[in-house]
Amino acid sequence: TPLPFAPLLPCSQTPELPSLLMPPLPRDLSPLCVYCGASSGTRPVYAAAARDLGRLMGARGISMVYGGGRAGMMGHVADAVLEGGGTVTGIITKHLMDKELGHNGLHPPHELRIVDTMHERKKAMADIARGFVALPGGVGTLDELFEILAWAQLSIHDHPIGLLNTDGFYDPLLALLDHMEREGFLRISPGDALVVDADPASLLDRMAAQGPRVPRVHGDEVRK
């Protein structure tokens, strides 16, 4: 007796493979929010890394949103994106514009948006971003980085967060985050929360390939 065979189905009726068997699609990082400061640091390697990242973003068609400044690391990365043919949106406070610190090359199709407060500035950048990268910087850059990291920990967003770890700049910070995790103060693993790389191209590739994060629940928060 011949064995029964299931009839062939048209492609439109073929059952879909389980999603777990399908490779994840790369994330769309555009617009990418770049956190950086108005200083270039003491060594040329920092400015060079900012320009490399900006050129890559322009070449890959990744638009940038940032703090709208023209000086330091902000100016280096913005100028490089513009030179590479990318689109730039700057968001700056009126206070900083009054000090003539705004980028003067953001004409349409680019944009320089002026807001009243630093809180509005950070929220406006986060609202339109699909990913975040922190370049070497100071307390302002860390303020922005830690806020968006805290939002990831609270599942407010699931966008990739990258650290451009030029010449090991962020190694001490990563050691502190590891210490905080060991001591039980983080709901999210730093290794899962952050994409860390010294090479701008590799950083963008890894951010685009990052999977979803799963925040942990503290033992203190479990109802007894």
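Q: A salt bridge is a side-chain nitrogen of Lys or Arg within 4 Å of a carboxyl oxygen of Asp or Glu. By this rule, to what count do the salt bridges come?

A: The model is predicted, so local features need pLDDT of at least 70 and side-chain atom pairs count only at pLDDT 80 or more, whereas totals for chains, interfaces and linings use all residues. Residues are numbered from 1 along each chain as its sequence is written, and side-chain values use heavy atoms, with hydrogens and water left out. Under the salt-bridge rule, the count is eleven.

Q: Which residue meets R130 in a salt bridge, and which parts does the pair tie together?

A: The general idea is to find the element that holds each partner; helices (H or I, at least four residues) and strands (E, at least two) are DSSP runs, numbered from the N terminus. In this structure, the side chain of R130 meets that of D28, with N and O 2.4 Å apart. R130 belongs to the loop between α4 (118–128) and β5 (131–134), and D28 to the segment before β1, so the bridge ties together parts 102 residues apart in sequence.

Q: Which residue forms a salt bridge with D158?

A: The partner is R27, and the closest N and O atoms are 3.4 Å apart. Because D158 lies in the loop between α5 (139–153) and β6 (161–164) while R27 lies in the segment before β1 (32–35), this pair ties together parts that are 131 residues apart in sequence. D158 is partly exposed, with a relative accessibility of 31%; R27 is partly exposed at 23%.

Q: How many residues apart are K123 and D127 in helix α4?

A: The two are four residues apart, which means a separation of about one helical turn. K123 forms a salt bridge with D127, the closest N and O atoms being 2.8 Å apart. K123 is partly exposed at 48%, whereas D127 is exposed at 53%. Elsewhere, salt bridges that share partners join K122, D143 and E147 into one network.

Q: How many helices and strands are there in the protein chain, and what percentage of its residues is buried?

A: The protein chain holds eight helices and seven strands. Of its 224 residues, 41% are buried. With contact meaning heavy atoms within 4.5 Å, residues 24 or more positions apart account for 72% of the contacts with a separation of 6 or more.

Q: Which peptide bonds are cis?

A: Most peptide bonds are trans. Here, the bond from S30 to P31 is cis, with omega near 0°, and P31 lies in the segment before β1. A cis bond also joins P108 and P109, with omega about 10°; P109 is found in the loop between α3 (94–98) and β4 (111–115).

Q: What value does phi take in S155 and in D167?

A: Most residues other than glycine have a negative phi. S155 has a positive phi, near 60°, and lies in the loop between α5 and β6. D167 has a positive phi near 55°; D167 lies in the loop between β6 and α6 (171–182) and is exposed, with a relative accessible area of 51%.

Terms used: Buried < 20%, exposed > 50% of the residue type's maximum accessible area, 1.4 Å probe, protein only.
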